[in-house]
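Here is a quick walk through one protein chain, taken a piece at a time. Keep the 3D view open and follow along.

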Amino acid sequence: MQRYLSLILMILATMALVMAISFAVREKNQGRARWYMLFLGLNVALWIGGHGAMEISIDYDMAFLFRVLSLLGIAGYLLTLSLFVLHLIGNKSIVLRIILVAVSVFDVVVYGHRMTVIFTTVDGRVTYYGIKSFGRIFHFFFIAGIGILLIFCALVWLKKVKARRTRKCIRILMLANLVIVVAIIPDTIIPMLGMPAFPSSDFGAFIAYAVFWYYSVNINLFNIGISNLTTYMFESGNTAILVYDSEKQLAVANEYAKGLLHIEDDQQNNGLEALFHLSQEEEDDIFETTRQEGKYSINLRARYQDTPCSFHSSIVIDKFGDPYCMIVFLYDRTIEEKMKNEVIEANKAKSNFLANMSHEIRTPINAVLGIDELIIRESTEKEIIDYARNIQASGKALLSIINDILDFSKIESGKMELVPVEYHVSSLLNDCYHMISMRALEKNLLYETQVDEKIPSVLLGDEVRIRQIIVNLLTNAVKYTPSGSITLCASYRRIAKDKLLFVVEVKDTGIGITKEEQGKLFESFQRIDEKKNRNIEGTGLGLTITKQLITLMGGQIEVESEYGKGSVFRVEIPQKICSDIPIGSFDTGVAETKADYKESFHAPDAKILVTDDVAMNLKVFAGLLKRTQIQIDTACSGMECIEKLYNHSYDMVFLDHLMPHMDGIETMRKWKKSQSAINKDIPIIMLTANAIEGAKEEYLAEGFTDYLTKPIRSELLEEMICRYLPETLIHRAGEEAKEPLDKTVSIEERFPFLDTAQGMEYFAGDEEFYLSMLQDYVTENREAELQQAYEKKDYETIRIITHAIKGISLSIGANEVSEQAKQIEQALKKGDTVTAIACYDEFVVSYHTLIEQLKECFKANDTA
Ligand code: ADP
């Protein structure tokens, strides 16, 4: 019997040892708790093992030794437990710890003394009787003292912690150790009564340790441990976990998976196909890819309720390198899919809104700009033309806002395309200048241009986008400059024979940008110094679009700025050179004249039908083509268009997109089905205000030959007509026999004092236009004004007049006068009146002579 008892004790000791070591090995992230648990277990093992060994000792010396070992275990257990609990309640007292260690050692020394017990053998089992001694009494108080300390600490701890699981654990710890106290009673008291000791406390110690161990592992007592975490993860409330064996059959599923996929308990032996909408091949593919690559992710739909799931599998390889199982983590994507659908819907709504908005806004602007263009062409009053130009500038600005929004969405979706065309640099810069001049003037800002005269005059590039970039920078310069000046500088750097870097700098003396914020400048919707700029309109999109466009063209943008002093935005864009002739002196006034309209061809025999429900648009269309002499017929509905197409022969048709009753596309479809004998294959062009990406493909697919965006730009309209009208109907400008003013004498001979080649270059080779400008030069003689200002010593007026004469003289080829005017203007700009006066007389004589010579020439022509 006693042998069984000692065997049981040895087994319990071994179990405690295994539990202690396994905890320490596995729970690596439990910090100090891991070591306390290890020492508790080791001491319990020593305690129980010592007693077990003592009972089967062959002599009393050996029994004494094992009893001391067992006592070491008891004192060690109580000491470790006290230190552990002190640690858990956050007590840091070193003194208390030293006392505890000293008392424990002392207890082993005094109670372990041979004189405290008498060994005896009962039924072949070695046990002992207690002797009344100091050691025994001390041991009793030692245990009682530790017990009180533990109860006290536990109560403090209980008060401190909030988590219910920890409170429960404290209670369990107290109860478990109560088991020891209860068990110690027979163990300690019985020998005191002179009876042989029974190792009941050993069982109590084991039970206490086992209970504490269990809760440490299964309840989140200390830190998060691997054991409890694994359970938690498996039971996770929002992740389905499926485990497939090497036969591709479902082996394990957690509760969440069972709910999500509706897996019955008796239905577990199934493949993936049973749970998801998958074919056999797809199932095999998932297993195979997971096996080969170690992991696999896919979005799937569950068979149950068609739930969208995101499926992530990984393979577990056994110690022999073979696949052991496939673990699948599955997330319910219902909410995500709902949100995605909402986003798609919202995006669709946004696109529709953009399309509609662009149409709604472009249509009236079309009418306004069209009529305005007619005013500019047909009015002879300078004031009216000025007003009309202002309307034009604002209309274009409004268009640019719509375009900004459209551009941003295009760039965002990577659909922005560049359209390279040949363009005149001076005309581009002039446009940029004029689009901003009113705003600069309104803010009383000095607006200057510094243009390198040697820039090649014609370049190849996306003129519209380059204009947009420069205007964006100029707009910002005006917006963020409360006073002072803004300057537009243009220059170039040749990088190949036919290529250059077009360099544009926009300088301002405005609020500037701090170094830190310069980095954020080109991010979308990013506005800097929001507080200071709150009254300035802006979306924070301008610079983003600017930068993206420049990058798209292969160029770059840099900013140099000093907070409070001003900024310089420098842009470099590679462009191809089409004409090497330098642009010459850039004068905004001259360029303005140059930008005036001139039709590019005549086609008096061509007949075009244009259809639009808005009568004003028809009028604009006809007006824009008036000088080309094309015969224009109009229809104000799709029905009327078809009727006219049946009955009259045309060379080309323009058809508006949005019309009531039957829109452009329906009209087109109906016409295509018709059996008409005439107008079968004529070009049909769609007129649309819908500039959204993808529209072009849609129109071409419907059978339209091409499309033209509203507001219609006359040069694009003429270009389109030229492209699709039969060549025989078109007479290019310059082809028609012009009525020269002097039929016998060439222009060079008539004006030998002018550089007529340069003049003709300025007026695009149009002799008639050039001659009319020469006449204007005479009519706008400024001699009297100059003289008046000179007499009044009004140098500012002289500067303004010489500035104007400088530009216009250069454009007609009067280089000497231009140069002299420039000298005076520049001297006055610097405040150098002495030089100005010194040059004045010579200039006035040259200017007067030039005007007289011109008058003579015209007189000679009139009399001829
Ligand atoms: P916004 O529509 O706000 O003008 P932008 O993208 O054009 O958007 O500019 C972004 C921000 O950069 C502006 O809000 C402004 O704070 C700053 N910024 C741009 N240009 C200048 C400038 N010339 N001087 C000072 N700050 C500027």
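## Where helix 26 meets helix 27

In this predicted model, helix 26 touches helix 27 through Glu 785, Leu 786, Ala 789 and Tyr 790. To find them, look for residues 783–791 for helix 26 and residues 795–812 for helix 27.

How do you describe a pair like this? Two packed helices are described by the angle between their axes and the distance between the axes. Here the angle is about 150°, and the axes of helix 26 and helix 27 are 9 Å apart. Angles over 145 degrees count as roughly antiparallel, so helix 26 and helix 27 get that label. Helix 26 passes helix 27 in a left-handed crossing.

## Helix 14 against helix 16

Now move to helix 14 (residues 463–479) and helix 16 (residues 542–552). Their axes come within 10 Å and cross at roughly 145°, and this crossing is left-handed. From helix 14, the residues involved are Arg 465, Gln 468, Ile 469, Asn 472, Leu 473 and Asn 476. They meet Gly 542, Leu 543, Ile 545, Thr 546, Leu 549 and Ile 550 in helix 16.

Let's pick out Thr 546, which lies in helix 16. Is Thr 546 buried or exposed? Its relative accessible area is 0%, so Thr 546 is buried. Setting aside neighbours within four places in sequence, Thr 546 is in contact with Ile 469, Asn 472, Leu 473 and Ile 557.

## Rings that pair up

Time for the aromatic side chains: the structure holds 21 aromatic pairs. One of them joins Phe 106 and Phe 134, with ring centres 6.2 Å apart and planes at 65°, so this pair is edge-to-face. The pair links distant parts of the chain: Phe 106 sits in helix 4 (residues 94–111), while Phe 134 is in helix 5 (residues 134–160), 28 residues apart. Phe 106 has 38% relative accessibility and counts as partly exposed, whereas Phe 134, at 52%, is exposed.

Then there's Tyr 433 with Tyr 447. Their ring centres are 4.5 Å apart and their planes are at 15°, so the pair is stacked. This one also links distant parts of the chain, with Tyr 433 in helix 13 (residues 425–442) and Tyr 447 in strand 9 (residues 446–451), 14 residues apart. Both Tyr 433 and Tyr 447 are buried. Elsewhere, ring pairs tie Tyr 36, Phe 84 and Phe 212 into a cluster.

## Charges over rings

The charged end of Arg 114 sits over the ring of Phe 64, 5.2 Å from its centre. Which residue lies over the face of Phe 522? That would be Lys 547, at 5.2 Å from the ring centre.

Start with Ser 70, in helix 3 (residues 60–88). Ser 70 has 0% relative accessibility, so it counts as buried. Ser 70 and Leu 46 are 24 residues apart along the chain, and their C-alpha atoms are separated by 5.6 Å. Leaving aside neighbours within four places in sequence, Ser 70 is in contact with Leu 46, Trp 47, Gly 50 and His 51.

Next comes Leu 500, in strand 12 (residues 499–508). Leu 500 is also buried, with a relative accessible area of 0%. Which residue is 76 residues from Leu 500 in sequence and 6.4 Å away in space, C-alpha to C-alpha? The answer is Lys 576. With neighbours within four places in sequence set aside, the contacts of Leu 500 include Pro 456, Leu 459, Tyr 492, Ile 573 and Ile 577.

## Stepping back

Now zoom out to the whole chain. There are 29 helices and 21 strands in it, and 48% of its 864 residues count as buried. How much of the contact list comes from residues 24 or more positions apart? Such residues account for 67% of the contacts in the chain with a separation of 6 or more.

Key:
Residues are numbered from 1 along each chain as its sequence is written. This is a predicted model: local features need pLDDT of at least 70, side-chain atom pairs count only at pLDDT 80 or more; totals for chains, interfaces and linings use all residues. Side-chain values use heavy atoms; hydrogens and water are left out. Rings of Phe, Tyr and Trp (its six-membered ring) pair if their centres lie within 6.5 Å; planes under 30 degrees apart count as stacked, over 60 as edge-to-face and the rest as tilted. Helices (H or I, at least four residues) and strands (E, at least two) are DSSP runs, numbered from the N terminus. Buried means under 20% relative accessible area, exposed over 50%, partly exposed in between (1.4 Å probe, protein chains only). A charge sits over a ring if NZ of Lys or CZ of Arg is within 6 Å of the ring centre and within 35 degrees of the ring normal. Axes are lines fitted to C-alpha atoms, for helices over the stretch in contact, and angles run from 0 to 180 degrees between N-to-C directions. Angles under 35 degrees count as roughly parallel, over 145 as roughly antiparallel, 65 to 115 as roughly perpendicular and the rest as oblique. A crossing is left-handed if the near helix is turned anticlockwise from the far one by less than a right angle, and right-handed if clockwise. Contact means heavy atoms within 4.5 Å.
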